[in-house]
Amino acid sequence: MILLKTDNFNHMNKQHWLNIGEDRSKYPEVGADGKFVVDYQSQKLVKLWQGPNHPGVTGNMSVELTVSGDEIVEAKTHVGYLHRGFEKLFERRKYIQVFPTCIRLCVAEPDYNEYNLAASVEELGGIEVPEAAQWLRTLVLEMARLQSLLRVVPGQGGTTGMGIGVQWGVYLRDLILDRFEELTGGRVYHMYIIPGGVRGLLPKGFKKRMESNLKDIDKFIVDIDNLMFSNVVFKKRTVGIGYIDPAWIDTFGVVGPNARAAGFKRDVRKDYPYLKYEELDFDPKTATESDIYTRSRIRWHDLKMTVDLIRQILAKMPDGGQIRAETPNVLHWKIPKGETYVRAESSRGEYGFYVVSDGTEYPRRINLRGPSYVHAVSLLERMLQGANIADVANIMVSLQTCPPEIER
Amino acid sequence: MKKFIKDLGYKFNISEIEYQRENLTFLTIDKENVVQLLAYLRDYEGFNHFVLMTAVDWLEDGVFQITYILNNHEKKYDLGIRTKILREKAKMTTAHHLWNQVATYQRELKEMFGIDFPGSPRVDESFILEGWDNIPPMRRDFDTKKYSEETFFPRPGRETKDPSEYMKQKLYPNETSK
């Protein structure tokens, strides 16, 4: 793929503008540190706020832009619109009472919160999870990824004005939410994974209904490929724009699809296999172009892979068996003193819980490590320098930001 | 990995080593050596990925524990580096020059725990809370309930009824009145 001459590096590369003979005298100079020299007194700059109402599927956060013409010279992320003090609430609740709260940390994918917390409690409390429960957990986590990607993959088209894919995606996501409802009783928040195992077995006929939904999603995967990824407007708005330099992956802590699109094979399911991922056959795709189009494409591949993984899980998992290990009474369960860090691969990348126990029934500290903490703050602020105002929403969506996990 | 961690112990005056899992170890070190250890691990031992940084309030001991978690992707290994600082006038050396996202974590810690990181970019700007004039809210001595009661207009709360009595009254008003 040939990069268009619109990526944010070229905006900051003096030689590039000299080569194509364009006058850049009205724009701020680029300093030795690779950033624009921003002089607020120059009367050439304008402040512009993007958000906090969200342009697409990014959640409520705002970006304070300093613009010169239609080009951004400085960006600052402002969060706090969704702060509910969850981490403080956790400290005042028993471990089992944390579950209904922790799932609200990220609306789009609540199940990773349940899994991470349950896995931390089991590790500190020395509980072994039964085989059948592990398979059911793997299934639920993949279903969570599927419903999230069904929203996000077409959502990228939504920011460029292509609403139809979003409507298809929302319909199919609803079908997956139906499956969640019959398995767990809840559509968006499930509270299905609990310390020691899961809450229930698969209902009768679940596999058949799931397979019928997956067949619909198979058609959608082909359709969205034709509709979105071959669309000239979508390509013009995404190819070569929102570039993440591979050198930034470690210096900014980029994870998940955003890192995979830059050539780094980072996937917790492969790197630190948890649950039953070692027994499943999958290979996360990588690419090197690292622009919005490629990140979106990587998510499309993830969507295909997730459908395949759900089929594999349903074929391999046992039909019955013990789904919950013996645990002490959860209301009086004193978790031994200690601390741990547990991670899982969400659709956005590494998602982890750092849990500290002081030996009582209450957690001393539960800290969430969400991918957006990095992607939507330090990385976004850097990526927006030199970008066009019209591309801000597009870049935000391509990073798949989720503000609640920044402010917790 | 155990040998590597033992060697690290000799080099950096590590006071406590806790092997949590086969791929996760927690080290405790005094606060003066933390940033040097982080820089050494990043530059020489391949711990490139900065996973998180947070604080834990041990109010009863009068200390904050600051934890940094680093990840070595090639060796698939995590190191948790812990240090303790006094709660009174809490101050810690900044590590923003090592990874770009550290400045954000430090800004949050300044706001939520009141731990200062002199020299860290934008550390004094508010991150989540605007116009906060109380003690930092994540400290354990901050009383959430008291603060809410004082700050927000008191509301009487929801009216509750005993379901069985309520249904009886609705269905058989004559019987209950007798």
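Predicted model: local features only at pLDDT ≥ 70, side-chain atom pairs only at ≥ 80, totals over all residues.
Visitor: At roughly what angle do the axes of helix 5 and helix 6 of chain A cross?
Guide: Residues are numbered from 1 along each chain as its sequence is written, while chains are lettered from A and ligands numbered from 1 in the order in which they are written. Helices (DSSP runs of H or I, at least four residues) and strands (E, at least two) are numbered from the N terminus, and axes are lines fitted to C-alpha atoms, for helices over the stretch in contact, with angles from 0 to 180 degrees between N-to-C directions. The axes of helix 5 (residues 111-125) and helix 6 (residues 131-158) of chain A come within 9 Å, and they cross at roughly 145 degrees.

Visitor: Within what arc do the buried residues of helix 2 of chain B fall?
Guide: A residue is buried if 20 or more other C-beta atoms lie within 10 Å of its own, exposed if 12 or fewer, and partly exposed in between, with C-beta atoms placed from the backbone. In helix 2 (residues 34-44) of chain B, the buried residues are Val34(B), Leu37(B), Leu38(B), Leu41(B) and Arg42(B). They line one face of the helix, because the directions from the helix axis to the C-beta atoms, seen down the axis, fall within an arc of 130 degrees.

Visitor: Which residues are exposed on the other side of helix 2 of chain B?
Guide: The buried residues of helix 2 of chain B are covered by elements including helix 1 (2-12), strand 2, strand 4 and strand 5 of chain B. On the other side of helix 2 of chain B, the exposed residues are Asp43(B) and Tyr44(B).

Visitor: Which element of chain B gives the most to the side that touches chain A?
Guide: In the interface, 27 residues of chain B are in contact with 26 residues of chain A. Elements giving two or more residues to that side of chain B include strand 2 (24-29), strand 4 (63-72) and helix 3 (102-113). With six residues, the element that gives the most is strand 3 of chain B.

Conventions
Contact = placed C-beta atoms within 7 Å.
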